[in-house]
Each structure stands twice: as structure tokens, then as C-alpha cells.
Number of protein chains: 8
Amino acid sequence: MNIESLNKLLHSVASGNLSVKKAAEKLKHISFEDITYAHIDHNRSLRKGFPEVIFGQGKTSDQIIGILGKMISQENIILITRINRHNADKVISHFPEVEYCEDANMVVWRKHEIPIHGKGTIVVISAGTSDIPVAREAYLTAKYMGNKVESIFDVGVAGIHRLFHHKKLINKASVLVVVAGMEGALPSVIAGMVNSPVIAVPTSIGYGVNFGGLTALFAMLNSCSSNIAVVNIDNGFGAGYMASAINRV
Amino acid sequence: MNIESLNKLLHSVASGNLSVKKAAEKLKHISFEDITYAHIDHNRSLRKGFPEVIFGQGKTSDQIIGILGKMISQENIILITRINRHNADKVISHFPEVEYCEDANMVVWRKHEIPIHGKGTIVVISAGTSDIPVAREAYLTAKYMGNKVESIFDVGVAGIHRLFHHKKLINKASVLVVVAGMEGALPSVIAGMVNSPVIAVPTSIGYGVNFGGLTALFAMLNSCSSNIAVVNIDNGFGAGYMASAINRV
Amino acid sequence: MNIESLNKLLHSVASGNLSVKKAAEKLKHISFEDITYAHIDHNRSLRKGFPEVIFGQGKTSDQIIGILGKMISQENIILITRINRHNADKVISHFPEVEYCEDANMVVWRKHEIPIHGKGTIVVISAGTSDIPVAREAYLTAKYMGNKVESIFDVGVAGIHRLFHHKKLINKASVLVVVAGMEGALPSVIAGMVNSPVIAVPTSIGYGVNFGGLTALFAMLNSCSSNIAVVNIDNGFGAGYMASAINRV
Amino acid sequence: MNIESLNKLLHSVASGNLSVKKAAEKLKHISFEDITYAHIDHNRSLRKGFPEVIFGQGKTSDQIIGILGKMISQENIILITRINRHNADKVISHFPEVEYCEDANMVVWRKHEIPIHGKGTIVVISAGTSDIPVAREAYLTAKYMGNKVESIFDVGVAGIHRLFHHKKLINKASVLVVVAGMEGALPSVIAGMVNSPVIAVPTSIGYGVNFGGLTALFAMLNSCSSNIAVVNIDNGFGAGYMASAINRV
Amino acid sequence: MNIESLNKLLHSVASGNLSVKKAAEKLKHISFEDITYAHIDHNRSLRKGFPEVIFGQGKTSDQIIGILGKMISQENIILITRINRHNADKVISHFPEVEYCEDANMVVWRKHEIPIHGKGTIVVISAGTSDIPVAREAYLTAKYMGNKVESIFDVGVAGIHRLFHHKKLINKASVLVVVAGMEGALPSVIAGMVNSPVIAVPTSIGYGVNFGGLTALFAMLNSCSSNIAVVNIDNGFGAGYMASAINRV
Amino acid sequence: MNIESLNKLLHSVASGNLSVKKAAEKLKHISFEDITYAHIDHNRSLRKGFPEVIFGQGKTSDQIIGILGKMISQENIILITRINRHNADKVISHFPEVEYCEDANMVVWRKHEIPIHGKGTIVVISAGTSDIPVAREAYLTAKYMGNKVESIFDVGVAGIHRLFHHKKLINKASVLVVVAGMEGALPSVIAGMVNSPVIAVPTSIGYGVNFGGLTALFAMLNSCSSNIAVVNIDNGFGAGYMASAINRV
Amino acid sequence: MNIESLNKLLHSVASGNLSVKKAAEKLKHISFEDITYAHIDHNRSLRKGFPEVIFGQGKTSDQIIGILGKMISQENIILITRINRHNADKVISHFPEVEYCEDANMVVWRKHEIPIHGKGTIVVISAGTSDIPVAREAYLTAKYMGNKVESIFDVGVAGIHRLFHHKKLINKASVLVVVAGMEGALPSVIAGMVNSPVIAVPTSIGYGVNFGGLTALFAMLNSCSSNIAVVNIDNGFGAGYMASAINRV
Amino acid sequence: MNIESLNKLLHSVASGNLSVKKAAEKLKHISFEDITYAHIDHNRSLRKGFPEVIFGQGKTSDQIIGILGKMISQENIILITRINRHNADKVISHFPEVEYCEDANMVVWRKHEIPIHGKGTIVVISAGTSDIPVAREAYLTAKYMGNKVESIFDVGVAGIHRLFHHKKLINKASVLVVVAGMEGALPSVIAGMVNSPVIAVPTSIGYGVNFGGLTALFAMLNSCSSNIAVVNIDNGFGAGYMASAINRV
């Protein structure tokens, strides 16, 4: 339950428009709701400013639909991440109002358009064309959390003049999300150019000793620039979430 | 060279108090200065708001002293990290005005007290007593970069009531730095309680399958909370730096 | 052969109801039975209180059926673990009385209901919804080995109030089985709350540097709580078995 | 503070022998005590039946002495693990009544002899002579936690008749702690012989691909016997603690 | 070309039954034959007593058929290992006289029955039912290289009395091949019982931290018995080959 | 844009055959061209003597076709590497003049035949038949970059006389590309025979502890010969490219 | 106790020269002897043809001396491996008749010269000068187990003509022990030349990605030759022992 | 023996100034010389254009002196790499004419100044100050092999303008050796700027997940630039040697 809905409900009680009994019924699950296969954390919106995000991977479509159904009455926005087309279709057949963003494997449900709360612009940059899906996950997450977001794709260090061309946008960013696979060098170079915080996202793109993204991850953790912190491999969602948290400090 | 010194110099030229020739001489190395074993990046203060930090590990005391000597005329503050007592003593014998913070293996040189620029309070938390040196490195870095910083030590998850006792301070933090070794669970628990960004720092404390901090690192990257990003093992400096960058967004 | 059947047989011999020759024939394989592709350990029930469990993975359905056929005459209960639907169907077509528990990939054959031998209640807890199959394997194993078992699912540390809600049940458990993927932090937190032994089960749920469960495993082995021991990744069966052994000490 | 001391204090209040004010003062730190470098968990005795154990590795002797000093007034027994001779000597010079068990790198402080609370006998077995220090750590921990403990050393699988010689003692154990380095095969063999729970402890003894104990650890986690759970490499303390928890179920 | 064929050819030359020109033509490729995608090592039979074995994995059926066609005229026996049913069928359609041993993924072509050259009996033992395919590969290789071979399957250490039952056969072996997955403990136990050389073969059977056989491999290399040497994971062929080489010393 | 086209264009401007406006239009993207999902580095031909190569893996066929379409007007030759038959067919349906080299998973587009620029002969050698696809990728890359290339396949160290047979060709090479899987020993042996530089390419061929080519990679990096440098696993393209760069020094 | 001593003792009983009571006393420990910190396996000489070897690493000098003292009365030869000079000196001061072979870190005690029992010649070969200590350990072990042994040092593959110079000796060997660090290529090349079994010993010599011998180990396990089996890194003792076992088949 | 000495000797024979007998004596070891602990490869100068280099690590000073003594009469230049000051001093006391380059841990013996044979200029670049020792090893090796060499130190990507300042020298290089630790990004950036071959050298500088240089190594192998090949961690010698080989193509 978000703070907005809670306030409205309490005002109704105060004004006598809602009986205490009915209000209590509505608030019964304000902490969490146990539906056997899940303890839905309805308190998260109040506590963290954004509701629980449904991690789609490893859940059945029935479980996803069940959780979504319990949340929809209490929230303004709900994200389902790492959901494949098959499960997304099943969700859509129950909740036709959701939107499937296939380029980021994400389902979005919104009560209304999300207003922008963040202070500055978050800029999402990818080193290669193949890194775009992860970059898009970061982009959409940050956007649906209420931020202004821009993106630049395929500006890896093998032709570094392409990056420098975007220097102006890079310098104006309040937070940067930099997505790269292979040798993962791009975040170091960008962080060396700016004083804003950089969230580095390693991707699993590459082969041989890229080790499914480990090499990029370790390279980013070893960066000789210091305004960098790192999230898990292919974790575009986490990067967008963290960027949004930073953009509200 | 920091922006303050640069402005002063240009004003002197404008007012005729400094000849163009002398100004040019002073600005010769504004980009960088090549002293054979190092290319000192004097431009960093201008570009990033904080001068190059001297990474002490793997450098001889002569190299450290040489670099410090070249920087001191151009900066207000200089940090040397990962410097042992032996090398610190040598530095002190050349520059008696520096201070050695042994609990963080850091040498600090300051022209004057550092004013506070950061918006909120950075809170540094450690899971165990043995993690304190890394937490102190983060604390001092954030402090010398101009932030208000507070700390809580030894509140690991095996007695989680100790953590909850500090809930008020934790909730008021603008950014949190959470330092933990062993299973590295503390950042997940804390990030689940707040909506501020959390910088997680794994430490090498532990034995057996802690793998010198790798287990804590990977646990933190796998956190089921999302407002977390991670730095290298034992990298208190990087965490303090990143927290400071976030605290100015 | 279990102790009950053996006693009955020997009483029949003592009473003259069974000839020595026939008894010898029946006892021929009391140690083990060699059917070329398997040495069935019929002695296990006598030695360990529970018959050999058939590990389904990597065995053909013919091999499973062959082994089950040889055991059925001698035991009260037989479990087949890690068996997929295809092989389970083949087993069912031969032995229609078996039951397939698909949510735990387990086949169960029972001569009669299993009485409860264990002293206290075993509580099985999972951190996430996706960890449920492993938790169910532990649950069923402990149950069919004659224990009272209860379960709580999806109470991970990102919303730790959900866990504390179940404090009463957690405190009354004689043994706890705690199942978690990703950063594997839940067993540490729970073990810090109780003085009962905790069996921690890492799962392969997660992505990137969860390494198919290794990160959770190592985190659990590094727990700062001490009343914890760990089993292999996704080894719900082993956890249930060990919990049952503990529950009879 | 342990339950015994707490009861005594409350009886004094009830009988008027202790003023409420003085009792409150004594109970001030009943939850925990913050001494800057440590949050001492005085509540642990009440919650878990045994006080916090001081993990000596990575702590200075001053820190150890400081923590010990705060605990001594509230507990009957205190253990310091992984403490080297140098630090142990410093502790002894402050608290001459402590005892240093060098073969297990452990310091013990006892108000009085520890009565036996455990139900059965814990048997600690080591595969080789070089594994003895770890086995002794398990032995002493279990003993000081109030259990009857016996031990058998150097009965590895290369001469398996040595193990079978002790079959009687092995079979009577309520819990077994089995300590092995190199290929770590001993716990599998022993667990196959008994129905009691086995806590397996890998040691770092060996060379080459023993990887400091990892090979033994992984072998134990892969055991084809099921009444086994595993603790961290060289973690004799954890094994003894877990065995004690099991011995009280 | 094997020594037998070579002798015959040279006798024909000596007796005038074969012209020097024709003999030279026949001997043209006695060293090797370059067919672009392969340099067939026809010299191997002479040098090593057994012809080149065709490693089927990673080769197209056309390549396998091409190589086999060139070898068939010069050898008495040819083995193709790691060949799947699809490719085996293609080979059979060209060379109907070959035999496909599906339980070992091996194709065999023989000019005539292979006489026994080895001195003693090679005994192949597997720890589990699932290890049988690897054990069969070792069995067939040793047999087709001219040895007397016997086998015992599914005698793992969790029920060690099953192993001791076969003590007589184990003691009479000249060489033992011991195949095991999971914790890989069986070779240590067997090598401790005998003075013959033991070739240990780790298999990829298991899950979690068996790491596709690595744990068994490392356990075997760390064996506390010394009459052991190890081959690659799942390398039944290599074990059978090495056992055969030993059996002729 | 390559140097040849640029010169022609500038001559047309100089001679008045091309207006400045039209020339500017044509040169608009001479640095790079941003087509949202890619920043095509048209400057690469000028800077590096060879245009950007399209890495096919992880790109959709639409993306590949889009990039190719933008490059074709500006280059003489374009390579697409790591492209499967499905995507290659889609490319061919748009650009029927391209050629698909299935044995190397490479698509080639050429305006005209590539003249030979390299100084000497590049020799590509593979250890086994299964390594041929990687060797072919190196061969074709070096050839299409304008070099004379020869190849020798399947001359691994288990029958080292096959290698010595080609000593003459090996000695005359200006650069050698040596491709090997399994133990990766061939580059060491060859580099010990010659004074030319050897580019070693590990392949993923093998099983068990070949770790998908890691063992061959590490063996090559540890070579006791010194005229060796190594590229990523299965990176035939990179080896051919590097060999070509060396052949023009 | 070896078979020779046992026969003598039983003859004395048969002839009445030794009373049954005294004989029983002498045979009391024929199985093993428990001296608390060790279970000495006196049965090993009878069972395996060679007494238990004392693994010196990780044992105190007191433990070594204690074990040696108990064995000396029952054996003809005793080896102590991996013993440093300090401990060796302590052993010598108790048993001046032992010999310390410093180049192999081995102590030897012999009642008399060891006669040669092995059938053929064992040849020990090292790739480099730095591998000699491991090769010497293999050499001495094989020699003291009663074999004719010869050695060739520093014939690595970077100058392969050095190896071929010794072809005659290599071909006459009944068993070969081949010791190599770095890329570990030598065993493959040698095994390709002969039909005798090759025991490959990886050493920890090298740096960077030799990983303390792992690369050589994995290369040897991946050998494209088949008459190879491998022992642990730096395990010269095990190689010599295995070679000796093979030499008696 | 180098080609120059060999020609001189043969001319002496041809002119009758040297008897056949004496010449034969001098040429006795032209292939190699067996001095028990080493097979000195005197043929290497003839075969590879540069004599065997003595790898100092793991050799005793006596062994180094012995080998050097045998080589000095036959060569113009001899390098000893990875030799510490202690051993270098011992070498100097025997051969006072050698020079110890402590910044590269290298000893050099020269008959006369080395003339320049290489075609172009080799440029050695290091990312950081701490990488200088490895860069110096590459520099000296290339120089003593007869090349013109220049160097640039401490131009890492965190302040990339420092690198671009040296663009002219970088572009004129015939071969580049790029040395970097931490994230190892520098070679990718440089290789993207030039068309010359780049030899990348990872160093062990860094901490945490730099894994002693592995992260830099893997990053370099994953470079998105293609004119790169890589040598072992800290292998400055190999990089200098390979660069020299390339500079003579």
C-alpha cells in the first residue's frame, strides 16, 4: 500500500466516511499477506517508496498472476522483471491492461502515468549493441520509478571518439548507468570524465574467458576510477533502481 | 589544481598583478605533469572536484614523496591510501604536517579544515569488530571529501536486535556504507529497511570458504534488496568516495 | 529389510510356522542383492532405520523399476528422489500404488501410513517463492521418515518483518531446515534467534554471481551464527533426512 | 547474562534485597552493550543458552581484553577461539584465571565446572594426525558447552580396519563430529555405518589440489550418505557447537 | 599399419611374391596419411602396439567415415569413442560390419577376434549405477586391447559391506579401474586394501558442488592411498587404455 | 570509409567535379553514424586500415542487416563473424552478393578481389580435426585482410612426426597461427622450432578438465617458449587479424 | 610388520624357540597400534608389501619421532616424506642411523640395503631444472621400494631435440615418471613415443596462470596421448610409489 | 653458439688455422650440453637467433652460475630473468662483468654492445606507476635483443587525456607493449587507436578481485579491439621477446 492510498483511507475514517471496522478490514494486510507460496510485502511502498517488484524468473505464471492480483488493489505501479513471452502472455490474458516490454523482458502495470520525482537526468549508456536488453531494463526501471532518463548505445572503447561525441550529455547527468560486456572497460573511462556517481552493470555478452560476464564484473570492481559501484551481471533492474534511489538523495 | 586556485590565478592576471608569462608558467602542468614514473593528473580537481588520490600500495616511499611534493602546491587536500607505517614514517619525515591515520592505513595532508559540502549524513556501519579498519577508511574518505559522517560498529545479523536499536540513525542517513565480511548478509538486511542508496563493502575477514572476501562480495551482488551497489573487497576508500559523490547529486 | 519384518520372520521360525530352509531363502539377500547394475543395500533399514533411497537422476526408468521391484517386498516405505515426470509415469504404470509428488520431483511408495517417531516439530522455511520445490523435498522427506513437519515460505530478509511474524513457530521447532538462494542470508538470521540446530540448504535460484547456488552455499558456511550446518545445493532430501536423524537423538 | 543470574537478580528484587534502581542499573545492558569497537550481545545467553563466543582472529589483544572484561561479570563460561599464543599471553596477564588450550588455539574462562546437560555422548573422530588441532577445537567446544565427549584420532580410510575396530563407540554416539582433510572420505564411510547425525568438518590439511580444504569440503557435501551436514573448513568450533545443539534436541 | 601386416608384406617382398614397386606403394603412408582434415597416424600401431583411436566427439560423420575408410585396410581393430547414435548409424550404413556399443558410446571394427595378451585380470569397479556408462567404456577398451576383464557395479562407500563381499576378486586383480562420481571416495578405500595399481576415474555424476566431476577428480588426486593415479573426468577410454598398458609391463 | 574512397572524393572536390555541399553530405558520417542500436565506426578504415567487423553473436538479423547496409557504400570489404546459418540466410536474402563460409561461421562481402599487402606467408596450423572451424576462421580473416595464407591440419603432439614432416613450410612462415584444444601443447613445440612470432589460439575442444578451452589457454600462456602470444578461446578471427597486423609491420 | 619378520616369528613358535605367550605379545599390534595421536597401521607391510610412509608435513617432530620409534622394530625400511631440515635434524638426533635426502625433503631409515624386486627399469624425466626436487622424490621412492631407476633432467619441449637424444633409454623403460611444471606438455609428447605406461607429475613451478601447478595438472589430464595417468601436484612420492606398483604387475 | 661464432670457426677450419680435431671438440656441444641438472640448449642461438634465457626463479645460485659458465664462451649476450638481489650478488661475485638491473630483476652479460636489428620502434606503455617493474623487464628484453625502444609510464584510463598527449609516439610505433594491472583496460583503448600489433601484459597489481592479475588478463583477452595478443601475468620478458620477434618479420 502506498502512502497516498493510506492517507486517503485515514482521512475517510477521520471524516466518518469509512467505519473503523471496514478500515481495519482494508488495513489487515498492510504489513504483509501470506498466500502460502508467497508473503507479499504490502508494507514496502510505505517503507521504501516503491512496491515489491515481482522477480519473474523461477516463478510459474499462476504464482505471478496470484501475486499481481493481490497487489493491484493497493499500488499505483507494479513491475514484473525477467518474465518470458510465454508467461507474459498468460499475465496479459488475466490483466489486459498490463504492458509487455519485450526488449527488456519486463511487464508493467500502471494505474496512471508516473510523475517525475527524481532531481536530475539519469543517463544509461551501453558499450555494444548486444548489451541493449540489459540497458533497456535499467532505462525502463528508472523511468517507471519516476525519473527523466536518456540513453546512448554502442559507444565501446575500441572507437572511443564515439563516446567523446556525447560528452555534453554525459557531463550533465546526475547519475550514470554504464552497461558493458566483454572487457568491461567503459565504466572506468566514463567515471574518469565526470564527478557524478556511476553504476556499472556487467553483461554476459562475450565468449571464452568472459565467463558469462564475470570478467566484466571483476574489471569494473577493479576500476582505477573511484566514483563507481557495481551490480550483479545483467542486473539492469538493480542498476535502474539504485540510480533512482541516488537521484532522490 | 582546484577551481578555487585557478580562479584566484586568473583574477591576478585580470588585475595585472600577475604577468601573462608567469601565469603561463604556473599553468604549464594544469593538464598533467610527467615525472617519468608518474603522470600526475593535476586536472583531476577541476574535472572531478577532488584531486588524484595516491594509491600507496606497490609504490616506493620515494615515489610517494615525489608525487606528493608535486601536488602539494596545487591542492587543498591530498590523501594517500593503503600506506604502511614504514612508508608513512618516511613521508612524515619529509612533510611533517601530514597526519597518519593508522587505523585506516591512510595519510592525509590538508591546507586547511575541509568544509562540509554534502547534503545529508553518510552513515558507515560495520558487521564485526574486525571489519573496523575498512569501515574507518570509508569514514575518513567521506569526511575529508567534505561530508558529515557517523558510524556504528559490530552490529552483525547473529544478534539482529543490536542493529534495530540504531534504526533512527539508519533511517535518517542520506547514503549508507555497510561493511561486512564472512557471509556478508548485513547490507541486504539494512537495504530492506530504508529507501536510501546503500554502498556495500565486502571485507576479507573470515576463513575457509570466505575466500578472502569473495563470498561476502558475491552475496552482496546477489542481494534480494535492490537499492544496493557494491565495491571491491576491502575497498573502504572507494565506498567513501562513491558515497560522497552520491551525497552531492 | 526393516527390523519389524525381521522380528516377525524370526518369530515364525521360533514358533515353527516357518521352516529353517524357507527362512534362509527369505534372508538370502538380507545383506545386499546384486542385480548387475545395482547392489541393493537391503541391510540399510536394519542398520540405519530407513531403507536405501533411490536417487532417480542418471538412472533409466528400467533400472528404477528393477530396483524398486526388489525392495518392495522387504520395506514399509520407499522414496525415489530427483525423478522427472516421464520416468515417474513409467514407474506408476508398473506400480500404480506409488504416488508422484511433482512439486518435489519425488515418488513415494508406502505399505501403510508412516507413524510419527520424531520428538519435536521440524520447521521448514524458504526465503523465496522460487525456493519452494527444494523446501518441499525437505518437507516430504522429513514427513515420510516419521516426523511432524510445518512450513513457512517466502520470508526473505528484504522484508524481515515477515519473518519475525512467525517467531513463535520458529522458537518451538526442535530442528529448522532453512532454504535460500541468492545471497543465502536467511539461515544466519534465523540461527541467531534460536538455540535449536539449523540445517541450511542453498538453492540454485538466482543469476550472475549466484553461480548456481555456490554463493548461497558459501555464505551459509561462513555464517556468523554457530548452530548451523549445511548440505549440498538444492539438496532438500539430505536436509530432511538429517533433520529427521537429529529429531531422534 | 545467563538465565540463572537473571533469576537470582529478580528474586532479590522480589524479596526486597535489591532496590529497583540498582536492579535497573544491573540490567541496563541486558540486551547489548556498545563499547564503540563492539556491540557485546549480553542477551545471547538468555536467547541461545550459551554466551557470545569471542572470535579471536583479526581482533587486537586490547579489543579481546575489553570485551572479555565486560562479559565476565555476567556469564559462567566464556570461550575465545582462534587466538594465538601472543594474544593469549596478554589475556592471561589481565585475567590469570583463564586457561589457554594451545592445541586448539582456545582460551577458556569458567566461573565453575560446567555440568553435563547433553543427552548422549558426542564422539569426535579425525582421519589423520595433522587434523588433531581442529578435532580438539570441536572436542573442547562441545565439552565446555556441557556434553560428554570422546575422541578417536588418525583412523583414515587408507587402513580402514583401524576404523572398524572402534565400531562399538561409534555406534553408541548420539552425534558424531568427523574431521578430515585430503580427500575427505571418512564422514561418508562413517555415516554409512550409523543412523546418528554426523557433522563433517573439512580441514586444510593436504597440498596441491586439496585447495586448502575445498576438496574435502566439496567431497563431504557430495556424500552418498544422507545423515551428514557440513561446516566451514577448519571450523572445529562450529562443529562442536552444532553437535551440542543437536545433543539437546 | 600393425607389426603383423608389416612382417607379412616384407616376407612377400623377400620371397619375390611382391614387387618392390608395389610394396613401396603400399608402404607410402606407413608414417601418416594427410587427407586435409586429418593426418592419420598409420605408424601408431607399430610404435605403440595399438592403432590410433578415433575420438568421435566434435567430428562430423563424414570425417569419421573418411578416417575409418583409410585405416581399415591397415589394421586389425579400430575403436571410435564418444560417438552418438546418429553418427554411429551413419558409420554403420557405410561399414555394416562395425558394432555399436551404445552403453559406452563406442563403435568397434574388428578384422577378427582379439586374442588376450595381458598378463593378469583387469577389474573394473563402479561406485554407483549411474557411473556404469563410463565403467563400460573402460571395460570395452581394455577388452578390445586384448585383456581379460571383469566388472563389479554399484558398490559405493555408503554401504561398504557390499564392497568387502568382492574382496577375493579385488585382491586377484593385476590392475583395478575404479569409477566413481559424487565424493569420489571409492578408489581410496580400494587402494588401501590392495598392492596393485589403481586407475581412478572420476565421473560427472552428481549435482551442486560435484562441479561436473571436479570434486571426485580432486578427491582422487588427494587420496591418502598411494597406489593410485587418475585420468580425466568420464575418461573411461583412457583408464581402460592405461590399465592395458600396465597389464603388459 | 577507406583511404582510397576518401582520396577519390577529395580529388573530385579539388577538380570541381563535386560540389562542397555534396561532399560535406557524403562526409557527414566519416567519424561515425548513430543508428540508435549502433554507433557505426566509419572512421575505422582510415584509422586502422580495415573496416569495423560485425560481431554476429548476440545481434538480431535485422540489426546485422541494418549495420551492413550503412557500411556497404563506404567500404571495399566487410566481414560478419560468429553468424549462424539462420541469420546468414536472412542477410543473403537482402544482399545476395555476400558469401557465407559455413565452416567458419563467417559472412563476407567484397567489392572486388582483395590484393595481397602482407609481406610474408601466414601459416595456420591445427592440432586436431575438431579444431578446424577455428583454424578456418583465422585463415579466412587473414586472407581477406590481404595476406598469403597456408594451412596444415591435425598434427597434434601425440604423433609428433606428422608435424616435423612440415618443417620446411613452418620455417618459411613470417607469422604462425597455431590452434589447439585439449592440453594445448602444440604452440610451445612449434615456437621452440622457429624464430617467427606465434599466435596461439586455444579451442574449446575436449571434455572434463579442459574447461571449455581454459586449460589450453593457460597452458599456452605458460609456454616455456617465448615467441608466443595468445588470444581468447576459439578466437580464430582475432588470431587472423593480429597475424595480419604483424605481417605488415 | 613385514611378511619376512612374521614368518620368522611363526617359525620360532613352531620350533618351540618362542613361547606362545611371548609371540602373542609381539603380535599384539600386528593390526595397528593406537598411540593417541596416531593409529599406526602395522598391517600395511603384510597387506600392501610396503610399510606405512610417514607424511611429515603438518606433524610435529615429536609426533614423527614417536611414530618412527614404534615402527622401527617391525620394518626393514621406513620413509618420511615432506620433512624440512629442522624436523629432520630432530629425527636424526634420536635415530642417528637415518639419512636425510635434502634434495627430496625425505628421511630414510633402512635395516639393510633394499634388493631390487621390480621387473624393468623406471625412468624419471623432468622438463626443467626447477622440477628436480619433485623428480628426486619420485626417484628415491621408487628406488627404496626396490626398483632400478634412471633419470633425465631438463629436457622440456622448447628444445625438443634434447629429449629425442635420449630416445633409447626412454624406449627401454618399463614405466616412465614424467615431471613438468608450466604448460605441462612433456608427458603428452613422451607418451606419444612409447607404449609403456606414463605417470605424469605436475609441479608448482611457474607463475601467473600456472596457478601453482593446476595448469600443468589439467593439461596432463587432457593429454591427447592415452597411456597416461596423473598424480597430485608436486606428488613425486605418489608417482614413485605408483610406478613401483606397476613395475611389479 | 651463435651464427657469427659458428661461421668464424668453420672459416678457421677451411683456412687450416684450426685442425678438424680441435674444431670437432669445440662443436661437441653445439646441439646441447648435459650438466646433470640442466640440458643447456646451445643450439638455440642458431635456431632462434637468440640464446637460451636463464629463468632465475626456482634455481639455486649454484645452478645459475653453472649454466652461465657453460654459455659464456659461446654467446654474445645472456639474460637471467626473475633473479633476486641475493642470487644476483652471487652471480656478480663469479662474473664481475655482468650487470644487475634491479628495477627489472634481470642480470645481463654482454660480450659487446648489442647492435639494433629491429625495423621500427617498440613502445612500452604502463598504466600505473606500480606496473613499472614489469614494463622495465619488457623494455630491457627488447633493447638487449637489438631493438630501438621507448617508454611511457602511468597513463591509465582514469585520466585518459594523459594518454592522448602521447598520440604521436604511439602512432609511430611498429609494435606496442602495453602493461596494466587492475581492470586492464588500457590495451583495448590503445589498440583501438592504432593499426600496429599490441602485446598486452597483465600485471598482478591491485587487490580483491584483481586475483593477482587474472582480471586484467581476462579483460585483455576479451578486448573489443582485435590487434591484440596477450602474454602471462607479469611476463614482461615474454612481451619484450615477442615484440622483438614481430619487429623483425
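Residues are numbered from 1 along each chain as its sequence is written, while chains are lettered from A and ligands numbered from 1 in the order in which they are written. Because the model is predicted, local features need pLDDT of at least 70 and side-chain atom pairs count only at pLDDT 80 or more, whereas totals for chains, interfaces and linings use all residues; side-chain values use heavy atoms, with hydrogens and water left out.

**Relations between chains**

Chain D is superposed on chain C by a rotation of 180° with 0.0 Å of shift along its axis, giving an RMSD of 0.0 Å (least squares on the C-alpha atoms of residues with pLDDT of at least 70 in both copies). That is the relation of a two-fold axis. Of the interface residues of chain D, 100% are also interface residues in chain C, so the copies meet through the same surface.

| Chains without contact | Distance between closest C-alpha atoms |
|---|---|
| Chain A and chain E | 15 Å |
| Chain E and chain H | 21 Å |

By contrast, 18 residues of chain G are in contact with 24 residues of chain H. These two chains bury about 1600 Å² between them, 57% of it on carbon and sulfur atoms (buried area being the accessible area, with a 1.4 Å probe, that two parts lose on being put together, summed over both). On the chain G side, G:His161, G:Arg162 and G:Tyr207 lose the most area to chain H, together 37% of what that side buries. Salt bridges between chain G and chain H number zero, the criterion being a side-chain nitrogen of Lys or Arg within 4 Å of a carboxyl oxygen of Asp or Glu.

**Elements within chains G and F**

Helices (H or I, at least four residues) and strands (E, at least two) are DSSP runs numbered from the N terminus, and two strands pair if DSSP finds at least two bridges between them. Chain G holds an open sheet of four strands in the order S3-S4-S6-S5, with mixed pairing. Strands S3 (54–55) and S5 (99–101) of chain G stand at the edges with a single partner strand each, so one side of each is left without a neighbour in the sheet. Strand S4 (residues 77–81) and strand S6 (residues 106–110) of chain G pair in the antiparallel sense over four bridges, and G:Leu79 stands opposite G:Val108 in S6(G).

In chain F, the end C-alpha atoms of helix H1 (residues 3–14) are 16 Å apart, which agrees with the 16 Å that its twelve residues should span at 1.5 Å a residue (1.5 Å times one less than the number of residues). Just after H1(F), F:Gly16 takes a positive phi of about 80°.

Technical notes:
Contact means heavy atoms within 4.5 Å.
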